[in-house]
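Here is a short report on a structure.

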2 protein chains.
Amino acid sequence: MYVTIMRQKKTSPANNVTVLERLRTAGLRPTRQRLALAKLMFARGHRHVSAEQLFNEAKSSRVDVSLATVYNALHDFTAKGLLREISIDSSSSYFDTNTGSHHHFYFERSGHLEDIAAERVNIASLPEAPGGAEISRVDVIIRVKA
Amino acid sequence: MYVTIMRQKKTSPANNVTVLERLRTAGLRPTRQRLALAKLMFARGHRHVSAEQLFNEAKSSRVDVSLATVYNALHDFTAKGLLREISIDSSSSYFDTNTGSHHHFYFERSGHLEDIAAERVNIASLPEAPGGAEISRVDVIIRVKA
DNA sequence: TCTATCATTAGAATTGTTCTAAACTGCTTG
DNA sequence: CAAGCAGTTTAGAACAATTCTAATGATAGA
Ligand SMILES: [Mn+2]
Ligand SMILES: [Mn+2]
Ligand SMILES: [Zn+2]
Ligand SMILES: [Zn+2]
């Protein structure tokens, strides 16, 4: 048997390569599941996605992964700096494909998050952390009644 | 039977009156449970308390309330503006006795929250909310590696 | 190709929180 | 000071997000 039939959904080769390289560079084995999930996450622009959402997208795309794998992948990606985890509404957490410095609008009615470029928030001064502790990041969340 | 024996833990009358008035003013019936919980919450300075924490404090103080009542009270207090709910770590939410405008240090290791007076954070400029939506509040969270 | 290591999985378990529906209590009215 | 109703409390069940378990499967280096 020398023929392998490829029946995977077609995606742009460039996209494939990019995602594969991103995983390898991050030190993550590019398994079938992680590749598929990473493609779903990173294909379109920046997003704020919950585990449940990604799990459903996977199902819709006929990517057969378990929910545990979705959580594992999201946490692994986060640990390697490919994603950032955000908890605003304590009901569930979002994974942000935008890992650069930025802030958020939070639409209270819908629970939706929208990025704010770092430059659009001008912080003139901040207090120093108690005991000179290191600041790991500053999050600004603008809660909007909408 | 004309004698009612009072075996409640003694608290300063002033404190009692204050808490009772706060509940009444807020439009909340000052029930035995709410009074006890409000006293625990507001007795010492500003705090960030989880439902579980308050439930345990109640037990320690021999205040016999159910966990459902703790949740009900915390949410009722929040709805009436006596508390403010904060969700940073998605594992559970905190209730903040400081309802004025202020910000927070978040100690990532311990999960502890510490207030920052509003004046200590100087925001020079903020973007307008999309569609001119009303901003309900701006939260600044300084995450500290400690 | 072999194999150690790492990843995936189904389903059970855990945890914070909410729901249910019955018992109870604060408050107003007569 | 009843009576009675709306608002409250409660035990425990139910829920939903997430994590764990332990067995199976895949990856990558030798
Ligand atoms: Mn998480
Ligand atoms: Mn809540
Ligand atoms: Zn974002
Ligand atoms: Zn606070």
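How far does a backbone N or O atom of Ser66(B) lie from a phosphate oxygen of DNA strand D? The distance is 3.0 Å.

| Residue | Its atom | Distance to a phosphate oxygen of DNA strand D |
|---|---|---|
| Asp64(B) | polar backbone atom | 3.3 Å |
| Ser66(B) | backbone N or O atom | 3.0 Å |
| Thr69(B) | polar side-chain atom | 2.5 Å |

The model is predicted: local features need pLDDT of at least 70, side-chain atom pairs count only at pLDDT 80 or more, and totals for chains, interfaces and linings use all residues. Residues are numbered from 1 along each chain as its sequence is written, chains are lettered from A and ligands numbered from 1 in the order written, and side-chain values use heavy atoms, without hydrogens and water.

Helices are DSSP runs of H or I with at least four residues, numbered from the N terminus.

**Zinc site.** Five residues coordinate the zinc ion (ligand 3) at 1.9 to 2.2 Å: His48(A), Asp96(A), His102(A), His104(A) and Asp115(A). Donors are N, O and S atoms within 2.8 Å of the metal (3.2 Å for Na, K and Ca); water is not among the atoms, so sites may look incomplete. Asp96(A) is buried at 0% relative accessible area, and His102(A) is buried at 4%. Buried means under 20% (1.4 Å probe, protein chains only).

The largest nonpolar core has 25 residues. Such a core joins buried Ala, Val, Leu, Ile, Met, Phe, Trp, Tyr and Cys residues through side-chain atoms within 4.5 Å. Met41(B), Leu54(B), Val70(B), Leu74(B) and Phe77(B) touch the most other members. α2(B) supplies the largest share, seven residues. A second, separate core of 23 residues includes Val19(A) and Phe95(A). In chain A, nine of the eleven residues of α2 are buried, so this helix is largely enclosed by the rest of the structure.

Terms used:
Buried < 20%, exposed > 50% of the residue type's maximum accessible area, 1.4 Å probe, protein only. Helix = DSSP H or I, 4+ residues; strand = E, 2+ residues; numbered from the N terminus. Polar contact = N/O pair within 3.5 Å; in protein donor to acceptor, adjacent residues only side chain to side chain.
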